[in-house]
Amino acid sequence: MKVLLLKDAKEEGGQDPYVRELGLHGLEATLIPVLSFEFLSLPTFWEKLSRPEGYGGLIFTSPRAVEAVELSLEQDGKSEVWKKSLRETWNTKPVYVVGNATASLVKKLGLEAEGESSGNAEKLAEWICSRIPMESIIVYRKIPHPGIQVTLDSYYSKQGIPASIAFFSPSGLTYSLKHIRELSGSSIEQIKFAAIGPTTARALAAQGLPVSCTAESPTPQALAAGIRTALQPHSS
C-alpha cells in the first residue's frame, strides 16, 4: 500500500528514515515537500548567541532553528569564535530539543542536547516554563513550497489515491489540503490520515478530517507502527 508523506526529505545522504521505516512495514512511501523556509533576524540572533552569560539555556524547536545557527556562523570568522569560546560556554547550560532529528543536528554544533524523548513540544514547554523564564526569537518563517501543486499532481497521476497521508505540521496541512481535496475527490473518504503529533492532529480535526493515527512520539518507528495499524483490515 502507498503512503504519502508531506515533509522535506532528509538533508543528508541516504534514504529518509520515515521512508525506510515504512518500507519495513511493507508500505511504499513517497515524500513530497510542502514547506519552504525563509530565514529572519540572523544578525540579532548572532548577537544573542554571542552573549551566553545573559541566558540560562537554549531551546531549539526544529531542525530549521539549528540551521539558523549554522547560517549565522558562516560569516566573518564567527565559526572560530563559536569553536574557541561560545560553544563551551553554552555547553555549561541546558540545551533543549524535541525530537531525535533536531537533537542530532544540535550535537553536530558541538552542543549536548536534552529533551528529545519528551514526545512533543507541549510537554517539553510545560517542563521548561515551570523552571525558567524564557525569551524567544523567530529566526525563520514557513512559506508554501513552490512546487507543491505540480508535485502532488504528478504523484496522483502516476500513483493514484494513496492509502494514507501523513502530515508533519499544521502549516504543511494548510498549504497542501486544498490540492489534496481536489485531486482525491470523493475518494478522500477512503484515505487514512496520520499526524506526527497532537498539534497536527488537532489541525486535521479542525479541517473536518478524521485522524486515523497520531504517532505516540515524533519518530519514524512510532509513525510507521501507527499507520500500519490504521491500515490493517477491521482496525478501529
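Colleague: Is His 179 buried or exposed?

Modeller: His 179 has a relative accessible area of 14%. Buried means under 20% relative accessible area, exposed over 50% and partly exposed in between, with a 1.4 Å probe and protein chains only. His 179 is therefore buried.

Colleague: What kind of model is this, and how are residues numbered?

Modeller: This is a predicted model in which local features need pLDDT of at least 70 and side-chain atom pairs count only at pLDDT 80 or more, while totals for chains, interfaces and linings use all residues. Side-chain values use heavy atoms, with hydrogens and water left out, and residues are numbered from 1 along each chain as its sequence is written.

Colleague: Where does His 179 lie, and which residues is His 179 in contact with, leaving aside neighbours within four places in sequence?

Modeller: His 179 lies in helix α8; helices (H or I, at least four residues) and strands (E, at least two) are DSSP runs numbered from the N terminus. Contact means heavy atoms within 4.5 Å. With neighbours within four places in sequence left aside, the contacts of His 179 are Ile 148, Gln 149 and Leu 152.

Colleague: In what order do the five strands of the open sheet stand?

Modeller: Two strands pair if DSSP finds at least two bridges between them. The pairing in this open sheet is parallel, and the order is β2-β1-β7-β8-β9.

Colleague: Why is one side of β2 and of β9 left without a neighbour in the sheet?

Modeller: β2 (28-31) and β9 (211-214) each have a single partner strand, so one side of each has no neighbour in the sheet. Both stand at the edges.

Colleague: By what angle are neighbouring strands of this sheet turned against each other on average?

Modeller: Axes are lines fitted to C-alpha atoms, for helices over the stretch in contact, and angles run from 0 to 180 degrees between N-to-C directions. For neighbouring strands of this sheet, with direction ignored, the average is 25°.

Colleague: Which helix does the chain cross through from β7 to β8, and what is the handedness?

Modeller: Four bridges join β7 (residues 164-167) to β8, and Ile 165 stands opposite Phe 193. A crossover is right-handed if, with the strands pointing away from the viewer, the path from the first strand over the helix to the second runs clockwise. The chain crosses through helix α8 (residues 170-184), and the β-α-β crossover is right-handed.
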